[in-house]
Amino acid sequence: VFNLEYSPDGSVLTVACEQTEVLLFDPISSKHIKTLSEAHEDCVNNIRFLDNRLFATCSDDTTIALWDLRKLNTKVCTLHGHTSWVKNIEYDTNTRLLVTSGFDGNVIIWDTNRCTEDGCPHKKFFHTRFLMRMRLTPDCSKMLISTSSGYLLILHDLDLNKSLEVGSYPILRARRTTSSSDITSSGSSGPRAVGSPCHQNDSGTLSEKHLSRSSQREGGSPRNSLEVLTPEVPGERDRGNCITSLQLHPKGWATLLRCSSNTDDQEWTCVYEFQEGAPVRPVSPRCSLRLTHCIEEANVGRGYIKELCFSPDGRMISSPHGFGIRLLGFDAQCRELVDCLPREASPLREIRSLYSHNDVVLTTKFSPTHCQIASGCLSGRVSLYQPKF
């Protein structure tokens, strides 16, 4: 089981499986509803609901499929546009634009307003090397992209209607997310550091001249301005890391990363608070993220991506941990993140551990409407957990 997704009303739990299948469950009765045995021609990686009936799946067969819960015998349509494994699906409910990303490095926009049996009009929005995961903030004002080379890209003041070609987006100075003193220091690496995943062109290193004059004067950033960060990960120091899983706080306050070391001997779950406001210097905006909480993980099931998640209220994190999951809080009382922000990075608190699998857990998800958590493991089993009142 690679991924789990509840419908927005919590009435259906969908399961993305390695062997071309999508499973559907009634999460209240725990009954299996249906199996889409040949949903794709290769591994199903991710599922995203567009509303309570329509959902999208993506696959290593390079396609995205749209499905309607009311008619599951056939796909609504199949979307072609990626040239490698498709790993991530996002959806902007305001514009009805579907956003997908894959290992071809492309982020593609699909206009579901003009969807037909032959597919949807689409365009390539962005490209970067080493792309792993892509997410939109809840208000769709930012796009975050994680990479296997340890970089985190943030597109600020997002405009999905504009395709981003080489040199068409302003570059904010790249920084490493460290302590407050480092964030406000004047020294930082340029936006084209060695191994940077972004496009390069013949003009060489890009600098602050790409920022608009109004942006520099008023302290804001232009549409689709790109920030390149190297998130601080405990224990990584000079060894580098791979950002394998990327999630966002439901209120848009923070981002949640699962990182593994390049030597594959450590794995961490880290929370980074968004730092909003005017830049420290007009030509060098402040780092957008600050590490607030972290915890070391079990580091089992090497080579597989473990997908973690926030609870619907953002107070808890469910994280795959060996043959089970751990429920983590920002403090022992499970308070809101904004009510217990530490001055320096602090450990996440383990609230409860739940173990019911006989294989490594790869994914977990909270129900959006009920007191329920789902988890899925390598052997294909799905477990549902509910508190006893």
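Trainee: Leaving aside its neighbours within four places in sequence, which residues is N46 in contact with?

Mentor: In this predicted model, N46 lies in strand β5, residues 44-49. Setting aside neighbours within four places in sequence, its contacts are N3, A16, A56, T57, C58, K87, N88 and I89.

Trainee: Is N46 buried or exposed?

Mentor: A residue counts as buried when its relative accessible area is under 20%. The relative accessible area of N46 is 3%, so N46 is buried.

Trainee: Which side chain is joined to that of N46 by a polar contact of 3.4 Å?

Mentor: N3 is among the residues in contact with N46. The polar contact of 3.4 Å joins the side chain of N46 to that of N3.

Trainee: What is the relative accessible area of H156, and with which side chain does the side chain of H156 make a polar contact?

Mentor: H156 has its place in strand β15. H156 is buried, because its relative accessible area is 9%. At 2.7 Å, the side chain of H156 makes a polar contact with the side chain of E227.

Trainee: What distance separates the C-alpha atoms of H156 and L144?

Mentor: Along the chain, H156 and L144 are twelve residues apart. Their C-alpha atoms are separated by 8.9 Å.

Trainee: Which element gives the most to the largest nonpolar core?

Mentor: The largest nonpolar core has 20 residues, of which V99, V107, F125, F126, M143, I145 and L160 touch the most other members. Elements giving two or more residues to this core include β10 (97-102), β11 (106-111), β12 (122-127) and β13 (131-136). With three residues, the element that gives the most is β13.

Trainee: Leaving aside its neighbours within four places in sequence, which residues is V99 in contact with?

Mentor: V99 is one of the residues that touch the most other members of the largest nonpolar core. Leaving aside neighbours within four places in sequence, V99 is in contact with N88, I89, E90, V107, I108, I109, M134, L136, M143 and L160.

Trainee: How many residues does the other core have?

Mentor: Another core lies apart from the largest one, and L144, V233, C270 and C294 are among its members. Its size is 18 residues.

Trainee: How many disulfides does the count come to?

Mentor: A disulfide requires a pair of cysteine sulfur atoms within 2.5 Å. C17 is buried, with a relative accessible area of 9%. C242 is in no disulfide, and the nearest cysteine sulfur, that of C259, is 8.2 Å away. The count of disulfides comes to zero.

Definitions and conventions: Residues numbered from 1 in each chain as written. Predicted model: local features only at pLDDT ≥ 70, side-chain atom pairs only at ≥ 80, totals over all residues. Heavy atoms only, no water. Core = buried A, V, L, I, M, F, W, Y, C linked by side-chain atoms within 4.5 Å. Buried < 20%, exposed > 50% of the residue type's maximum accessible area, 1.4 Å probe, protein only. Helix = DSSP H or I, 4+ residues; strand = E, 2+ residues; numbered from the N terminus. Contact = heavy atoms within 4.5 Å. Polar contact = N/O pair within 3.5 Å; in protein donor to acceptor, adjacent residues only side chain to side chain.
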